[in-house]
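Thanks for making time for this. I would like to walk you through one structure, so please have the sequence and the 3D view open while I talk.

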Amino acid sequence: MKLRLESFGELRLIDLAGQPVAFPEKGLLAICYLLDRYLQNGAGSEYPRSALARFLWDSHDNPDIMANLRKTISRIQARQTELGTELLIFTATGVRIKPDAFVCDLFELAKSDGGGALENLRRLVAVLRQDFLAVLADQSVSTQQWIAGQRDRHMAILVDALKTALPTARSREDISLIKEAALRIFRDAPDDENIRRILLEAYESEGQLENARRLFEASRHGLESALDIGLDVQALREVRKVFAGSQSPPSVMEPLSDGGSRVARPLPRLVLLPPGGMDAAGALPMLCGPLIEDVTIGLCALNTVSVVAPHTAARIAGHADKAELILRHSISYVLDTRLTDHALFVQLIHASGDEVIWAERFNLEKYDLISHRRDIAQRIARELAGQVRRHETMRHSFEGNSAAYHSYLLGLRDVKRLSLPDIRRSRKAFREALQHSAHFAPALSGLSRTFVVEWLLTARGDRELLGLAEDYANRAIVADPSLAAGFRELGVAKLYLGDIDESLLALKLAEELSPHYADGIASYADTLVHASRPADALIKIDRAISLNPLSPTDYLWTAAGANFALGHYTEALEQISAMDDRTPADRLSAACWAMLGDMKNARLYMRKVREIYPDFDVDKWLSVVPFKEQWQKEQYREALRRAGF
């Protein structure tokens, strides 16, 4: 009687009628282990009893494991006699399997793809719907490690098959198969950008992008609830190996289960610079050094970032040329810390782009630093882990495609400059990036922003620009619902489309997703100005400026607008004077000077606006600029009329 051994899902033996056959679980596990050795290495020879006992019971020096093995062998032999078949053959010193005495789902993984790439993928998807040995009552450490390694290898086989089948997929049925395979891999590697991209394209071809958004959102929430510090997610190493393509220079070699080796991606390096003034008097400076060391120790437990030791960090902090040392030591991220009056300001910087990723101010007056030091350290470590993971996920999307990443960075640079030529250069760069990665959420949200800024600068009320901004913002949210930037851009587009309540909701979601996202908070403040809540707007924009002290132009523009609405015209002009490029705020400058009664300056700025936008019309502009309450619109109209518009 030829039996079937099922190892994916529940481990069990099945007869010809499809009914379960009783058999000792340790015996079935031994068959799986020896069959794997046979299939991988052709190792059909006898396997030592002692080695099998250590695998099943995990001990090198406990004599009981041999007694356990003898009892298990006795039960297996008795059951094989009852069944009239021999699956395992035992000798005085060893054991071997009879692979021709049974069939097993593991044989499916070893088949060649003679039926073609799509048929091979279909067979593998059917086998791998459930995890290998998903239900096993008693597992030794050795068994657990072996099972984990097998699952990684099985996913690698599936990924290879998916990669091979992708170019040949044409029909709706083919696309459905591709999607099913990608969903299976996504279950084990939810942060893998390549798998997400395949899923997006499959869902998009079926007109089901909303389903993709819900899938990614559910995955994000599941990961956040399951993990204690940030999102320290281990994507499948083999998935990365297949899809990564050209990678950074290798740093180490990882052993493979087959005895070979694989190049491992170098971990990003993070240095935590202690604050200056540590030699000042008082308990606060004295305790801040140990606080930063606590954070460093906490981060050392992670396997997604390499942390520079505190001694080297202190040397870098005290060096005259920090940038040179950071470059020399291949440091990816810098946590800069500053000690102010009863507060610790921390700022995470991506070294190569000099980009502030996250910032926070910890008011140490709230804490007894001696007893709460570890709590503060854990909070900082949790934030750092999450921020680095998110930034690395975005950056890895472009690894192996330097041209695309370069285009994205150019777009990011130019979109911050509030002039039409810069905005249009930025749009071109984002579009070039999307040619290489059509569902890259940061580039989609960046493209959305270019249309809003052009709408603001041209002051023509072109709703087509806002429609494009809304469309690209929604696409960014679908591509990555965990990215706050997509919700930010949707909120901004909704604002100028006149949906102020929807704008506030989207920006609130952006803030909840990323409470330290200064740009999102600044946009929230701008919407609050238009919602006729200028006092609340000032609180928000002050928060954004505290997170990003060297504030971009639009932060100051928003602060000036809030002050104008409150009748604080001098304060508004002070904010405008701090802008690197004051041209975008010339209309507001003219309005402020007019309300202060300085008609000379009011006319000066009016003429500047007319030089750039000769067809500017106050009533037309105010008909499209949303203000929730009429008093705010009338205030602006009166000011612009006084200025001579």
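Predicted model: local features only at pLDDT ≥ 70, side-chain atom pairs only at ≥ 80, totals over all residues.

In helix 25, the residues Asp586, Arg587, Leu588, Ser589, Ala590, Ala591, Cys592, Ala594 and Met595 are buried, where buried means under 20% relative accessible area, with exposed being over 50% and partly exposed in between, using a 1.4 Å probe and protein chains only. That is nine of the 10 residues of this helix, which spans residues 586–595; helices here are DSSP runs of H or I with at least four residues, strands are runs of E with at least two, and both are numbered from the N terminus.

Residues are numbered from 1 along each chain as its sequence is written, and side-chain values use heavy atoms, leaving out hydrogens and water.

What do the buried residues of helix 25 pack against? They pack against helix 17, helix 23 (553–565), helix 24 (569–577), helix 26 (599–612), helix 27 and helix 28 (630–643), with contact meaning heavy atoms within 4.5 Å. After helix 25 comes glycine 597, whose phi is positive, near 85 degrees.

Arginine 587 lies over the face of tryptophan 621, at 4.9 Å from the ring centre; for this, CZ of Arg or NZ of Lys must be within 6 Å of the ring centre and within 35 degrees of the ring normal. Tryptophan 621 also forms a tilted aromatic pair with tryptophan 455, at 5.6 Å centre to centre and with 40 degrees between the planes. Rings of Phe, Tyr and Trp (its six-membered ring) pair if their centres lie within 6.5 Å, and planes under 30 degrees apart count as stacked, over 60 as edge-to-face and the rest as tilted. This pair links distant parts of the chain, 166 residues apart, with tryptophan 455 in helix 17 (residues 441–458) and tryptophan 621 in helix 27 (residues 618–624). Tryptophan 455 is buried at a relative accessible area of 1%, and tryptophan 621 is buried at 4%.

The largest nonpolar core has 80 residues, and those with the most contacts inside it include Trp621, Phe564 and Tyr636; such a core is a set of buried Ala, Val, Leu, Ile, Met, Phe, Trp, Tyr and Cys residues joined through side-chain atoms within 4.5 Å. Helix 17 gives the most to this core, with 10 residues. Tyrosine 636 touches, among others, Arg587, Leu588, Ala591 and Trp621.

Definitions and conventions
Lists of a residue's contacts leave out its neighbours within four places in sequence.
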